[in-house]
Amino acid sequence: MPSDADAGLVEQRVLEASGRLPAAGAVTGWAAQRMLGVGYADGLATDGRTVLPVPVVVPPGTALRASPGIEVHRERLDPTDVTRVYGVPVTTGVRATFDAARRAAGLRNAVVAIDMAVAANVVTLPTLRAYLATMSGWTGLPQARRAAELADPRSLSPRETLLRLTWRLDAGLPEPRCNWPIANGSGRRIGRPDLLCEELGVIGEYDGADHRSQARHRDDLRRDDQFRAVGLEPFRVVGADLHDKQLVVARIRAAVERARASTTARTWLVKADPGPL
């Protein structure tokens, strides 16, 4: 490798790992997703610091010694499941996402892996679900199938997905819409909240680092007022909140109670199909 190659670059790690592959092998899982264009597949564990090994798959019986930074899986690998990106052999979007979801550290991370692949147009949810229906006996298949059931094609970030899963799995509330445009009674658009539950009259927002400025915070408060004016009760969470499920659930339930107690007429408008994001 050139002396100036950046070993900390995710794609560089994947490229170096692929150099050890036999002819029939391929990079898979999160690393293949990254090469295919899933920007959120950053090769880090959920703590945001631990570097994950690059997963590769080779047919059973293939000789490939384990080495630091590479995770070797000896499994069935159909030639149709392999493609090339910048000369690197990687599994296709559907196989890479299947592998990423079934080997993810828990169900929620599996859903994130699917949501972000769909958001990046690496695979569609119907295609993945059809693919999973043809599989049997694979390690982690139940997790991948359940994650595909919980996935949403309109989620745009891992934090949005985790907030939605807290809403569904921990608060036990009806499935919300994701990033659905909302207008007032006259048809003027108010915004596109991360979560919308029409049944309960509640919206949820995840506020990332870009919401910290005074101007952005002021805009957020103004938009919350506009949502309340049409009968929608908002709640907000920030990054650190997502690690405290009890806190987030309490905030969600408080918003639900406010919505139930509100006397404001529900005059918001949503399209049956808002079209692509």
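Q: Let's start with charges: how far apart are the mean positions of the positive and negative charges of the chain?
A: They sit 2 Å apart, counting 37 positive and 32 negative charges. Keep in mind that this is a predicted model.

Q: Noted. What about pockets, what volume does the largest pocket have?
A: About 1200 Å³.

Q: And which residues are closest to its centre?
A: Leu44, Ala45, Thr46, Asn109 and Val112, out of 35 residues that line the largest pocket.

Q: Which elements give two or more residues to that lining?
A: Four helices turn up there: helix 2 (29–36), helix 3 (93–102), helix 4 (107–119) and helix 7 (158–170).

Q: Which one gives the most?
A: Helix 4, which puts 5 residues into the lining of the largest pocket.

Q: Switching topic: how many helices and strands does the chain have?
A: The count is 9 helices and 11 strands.

Q: What does the C-alpha trace span along its principal axes?
A: Roughly speaking, about 70 × 45 × 35 Å.

Q: How much of the chain is buried?
A: Of its 277 residues, 48% are buried.

Q: Last one, on contacts: what share comes from residues 24 or more positions apart?
A: That share is 62%, taken over the contacts in the chain with a separation of 6 or more.

How values were computed
Residues numbered from 1 in each chain as written. Predicted model: local features only at pLDDT ≥ 70, side-chain atom pairs only at ≥ 80, totals over all residues. Heavy atoms only, no water. Buried < 20%, exposed > 50% of the residue type's maximum accessible area, 1.4 Å probe, protein only. Contact = heavy atoms within 4.5 Å. Lys, Arg positive; Asp, Glu negative; His and termini not counted. Charge placed at Lys NZ, Arg CZ, Asp CG, Glu CD. 1 Å grid on protein atoms, 1.4 Å probe; cavity = no way out; pocket = protein on both sides within 12 Å on 5 of 7 lines; lining within 4 Å. Points joined across faces, edges and corners; volume = space filled by probe spheres on them.
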